[in-house]
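Please consult the sequence and the coordinates alongside the text.

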Amino acid sequence: MTISDAVVYAGVDDTSIDLFEGQYPVSQGVSYNSYVILDEKTAVMDTVDANYADKWLENIAHILDGREPDYLIVQHVEPDHSGSICKFIQRYPHAVLVGNQKTFPLIRQFFDLKFREEQMLVVKEGSFLPLGKHALQFLMAPLVHWPEVMITYEQSEQLLFSADAFGTFGALSTDPDWLPEARRYYINIVGKYGAQVLALLKKTVGLSIRMICPLHGPVLKENLSFYIDKYQTWGSYEPEEEGVTIAYASLHGNTRKAAKQFSDILRKKGEKNISLFDLNRDDMSAAVADAFRYDSLVLASVTYDASLFPAMEDFLYHLKIKNFQNRTVGYIQNGSWAPNAARFMKAHVSEMKNIIEVEPVVTIKSAATPANLDEMAKLADTVREKRTK
Ligand code: FEO
């Protein structure tokens, strides 16, 4: 990946990983990005996952071509980026690690590392680090995505090293489609911290930015306002566009059939954007991401053990911890003798901010009847009338 003569990509692709952060499927892998800045002084921006330390060190040595790195900038200590710090220090004991006051305690917690005073440079908001023609300015970005995160602006080439922000799943070799995978990445990993994301965007408003260099996924070089606008929308918990996500949890297939019938009804009424997720089988992180993408959500669940079917319970838990809000929500419940899933779904939704709940709640007893289809048609109308966007 080309950036400039003086700024060279040094990261690695991980195509053997199955679950990112131990939970998110990444069938196209992920990249751990790292960059080397060559000037009178040399700086390495972040490391990579420990499994790729040797390959990364080879990349660094090749780029440095016999020079020693002067600085290792640690923007984020999560192990996908800091996992190779120990091997880096062993190889380059004279390099100085650059972090903020929250960086070094976290490094010590993760690794059995003792630093000499001269190996650490503690920076704070707005600190500059001159390298020659290049100079790095550090901006603190707490909770985007961990407390110690900072981003780095390089003035001479107008580069924003954005840490996890603007990253996406997908190894670079797979040429990932940025929007769906960046959305899934953002909502599931950073989604809880919208206020902190907006605060970070505010800090960057006055900066001239030519390229964004994140810690995952491609360097963003064109049409940067598109990406920044997406972050503004996601950080504000606003829907991206009109559309309905239908998430269903089915036991014997009748709730699935009802969810599909509801989807058909919506489409016949002119709804263009509809996502349908089987919460027992589909990727939960994709369902969560699409719930945030669209302005409306319809939950369809069977009743189970006088409560909610576990997959729906899990889905609503995910939405709550990611601060799901500002959406229209409707319900379809199923139960053969005591249907009450809607009561439990509503209890979860009542803990979310600014939700418009729409009627009717469709109640199916075992299998949808023609009367249920009429109710679904009414529900489709109210969803479309009362949508938030
Ligand atoms: Fe890519 Fe928060 O680590």
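Accessible areas here come from the Shrake-Rupley method with a 1.4 Å probe. On that basis the chain exposes about 16200 Å², of which carbon and sulfur atoms supply 50%. The model is predicted.

The secondary structure comprises twelve helices and 22 strands. Further values for the chain are tabulated below.

| Property of the chain | Value |
|---|---|
| Box filled by the C-alpha atoms, along the principal axes | roughly 75 × 40 × 35 Å |
| Buried share of the 389 residues | 58% |
| Distance between the mean positions of the 40 positive and 50 negative charges | 6 Å |

Among contacts between residues at least 6 apart in sequence, 72% join residues at least 24 apart.

The largest nonpolar core has 92 residues, and Ile-107, Leu-299, Phe-315 and Leu-319 touch the most other members. Helix 5 gives the most to this core, contributing seven residues. A second, separate core holds 23 residues, including Tyr-35, Leu-129, Phe-138 and Met-140.

Helix 9 spans residues 284–293; nine of its ten residues are buried, so the helix is largely enclosed by the rest of the structure. Among the buried residues are Met-284, Ala-287, Val-288, Asp-290 and Ala-291. The cover over the buried residues of helix 9 includes helix 5 (178–190), strand 16 (241–249), strand 18 (294–304) and helix 10 (310–321).

Which residues are in contact with Phe-315, leaving aside its neighbours within four places in sequence? They are Ala-247, Leu-279, Met-284, Ala-287, Val-288, Ala-291, Leu-297 and Leu-299. Of these, Met-284, Ala-287, Val-288 and Ala-291 are buried residues of helix 9.

Key: Residues numbered from 1 in each chain as written. Predicted model: local features only at pLDDT ≥ 70, side-chain atom pairs only at ≥ 80, totals over all residues. Heavy atoms only, no water. Helix = DSSP H or I, 4+ residues; strand = E, 2+ residues; numbered from the N terminus. Buried < 20%, exposed > 50% of the residue type's maximum accessible area, 1.4 Å probe, protein only. Contact = heavy atoms within 4.5 Å. Lys, Arg positive; Asp, Glu negative; His and termini not counted. Charge placed at Lys NZ, Arg CZ, Asp CG, Glu CD. Core = buried A, V, L, I, M, F, W, Y, C linked by side-chain atoms within 4.5 Å.
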